[in-house]
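Good morning, and thank you for making time for this presentation.

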Amino acid sequence: MREARRRKPVIPRKNMHAILTVGRPSVVPVVAMPSLALAAWAAIVSGLYALYGGKGGWLNGLPTSQLLITLLGVVMGLLLVFRTNTAYDRFYEGRKTWASVQSNLRSLARLIWVGTLPKDEDQKVQRAGAMRLLVAFAAATKHHLRNEGGNDFDDLAPFLDHIPAFALASFKNETEGTLPIDIVFHLQKYVTYIKNTGQIDANVQLVASNHVNSLSDCISIFERIRTTPIPVAYEYHLKQTLVVYLLSLPFQIVTTLQWYTIPATLVAAFTMFGIEAIGGEIENPFGYDANDLPQDEFVDSIRDEV
């Protein structure tokens with residue numbers, strides 16, 4: 001049995017500690033080198049302007065108008081905002097869908113444990129097995145979203161071993177297919193079973209079936225988020241435009257700021273590269289990165305409650 005890999009927990013930090021931190025949640029390690037490279041480029045431009053920017057120098061004709069940099073800055077701002085907003089929409093929808101999964105599993109657990117009336121020991125065993133399937137669904141969803149096939153994980157297999165079909169090697173080593181949907185099938189079969197055996201009435205069956213259907217819908221939403229990437233053309237063009245803008249920035253401001261062009265370019269590069277990197281961090285929120293959704297905590301919460 002494989003040990004389930006877990007995302008390292010991130011401890012929230014506040015106030016100045018959060019501003020100064022460069023740890024796992026921060027994008028500083030990602031953007032530090034490109035920003036320093038742009039600062040070095042600005043130093044070269046500033047040095048050349050100091051040497052050849054005077055009267056008669058070959059850099060004397062640099063434009064002093066800030067109109068171009070203002071227009072380009074507005075365009076870059078719009079591109080970066082669209083990039084970050086699109087990525088955050090995916091992150092937020094992923095979190096909202098996980099909340100829906102938790103809500104539906106809690107409701108199903110209440111209906112199954114409290115709303116059913118087992119008539120013998122076998123039906124009590126069936127009910128306990130259905131409760132274990134609820135936990136298995138959460139864990140299977142987490143592994144499915146991380147492209148981890150099979151059910152041979154220590155946080156999943158113990159909740160499926162009461163169903164012979166899931167003990168087959170084809171399930172333990174599954175690389176394709178959707179294990180959460182297979183679990184949904186078994187949950188729906190159980191809802192039908194307890195209705196046919198008189199443990200619940202038609203109204204409770206309808207409510208329970210609606211919750212099971214909602215779980216299936218959540219899987220569809222998760223897969224849409226995971227399999228719909230940002231268009232490659234847009235991502236490439238954004239990065240190329242950003243680099244061109246930052247490379248041309250020193251030429252636009254050196255006549256006014258002179259040596260102060262270096263820190264100004266560093267700040268601009270750090271800010272813009274950081275915003276772009278944040279979009280890349282959160283556009284797929286189902287992995288192990290520090291800025292991804294804490295899915296392990298979601299599954300643990302469901303297991304403890306159910």
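Helices are DSSP runs of H or I with at least four residues, and strands are runs of E with at least two, numbered from the N terminus. Helix 4 is followed by N147, whose phi is positive, near 60°. Please note that this is a predicted model, in which local features need pLDDT of at least 70 and side-chain atom pairs count only at pLDDT 80 or more, while totals for chains, interfaces and linings use all residues. Residues are numbered from 1 along each chain as its sequence is written, and side-chain values use heavy atoms, with hydrogens and water left out.

Let me turn to the helix itself. Helix 4 covers residues 121-145, 25 residues in number, and spans 36 Å from first to last C-alpha. That is close to the 36 Å expected, the expectation being 1.5 Å times one less than the number of residues. At its start, a side-chain oxygen of D120 comes to within 3.1 Å of the backbone nitrogen of D122.

How much of helix 4 is buried? Of its 25 residues, 18 are buried, where buried means under 20% relative accessible area, exposed over 50%, and partly exposed in between, with a 1.4 Å probe and protein chains only.

Next, the packing. A nonpolar core is a set of buried Ala, Val, Leu, Ile, Met, Phe, Trp, Tyr and Cys residues joined through side-chain atoms within 4.5 Å. The largest such core holds 47 residues, and W98 and I183 have the most contacts inside it. Helix 4 gives the most to this core, 11 residues. W98 touches, among others, A138, T141, K142 and L145, contact meaning heavy atoms within 4.5 Å.

Finally, the charged pairs. The whole structure contains 11 salt bridges, each a side-chain nitrogen of Lys or Arg within 4 Å of a carboxyl oxygen of Asp or Glu. K124 pairs with E121, their closest N and O atoms being 3.7 Å apart. These two are separated by about one helical turn, because they are three residues apart in helix 4. K124 is partly exposed, at 40%, and E121 is exposed, at 55%.

R132 and D161 also form a salt bridge, at 2.6 Å from N to O. This pair links helix 4 to the loop between helix 4 and helix 5, 29 residues apart.

The bridge between D296 and K142 is 3.0 Å, N to O. D296 lies in helix 10 and K142 in helix 4, so the pair ties together parts 154 residues apart in sequence. Both residues, D296 and K142, are buried. They belong to a network of salt bridges that also includes R146 and D155.

Technical notes. A polar contact is a pair of N or O atoms within 3.5 Å; within protein, one must be able to donate a hydrogen and the other to accept it, and residues adjacent in sequence count only if both atoms are side-chain atoms. Lists of a residue's contacts leave out its neighbours within four places in sequence.
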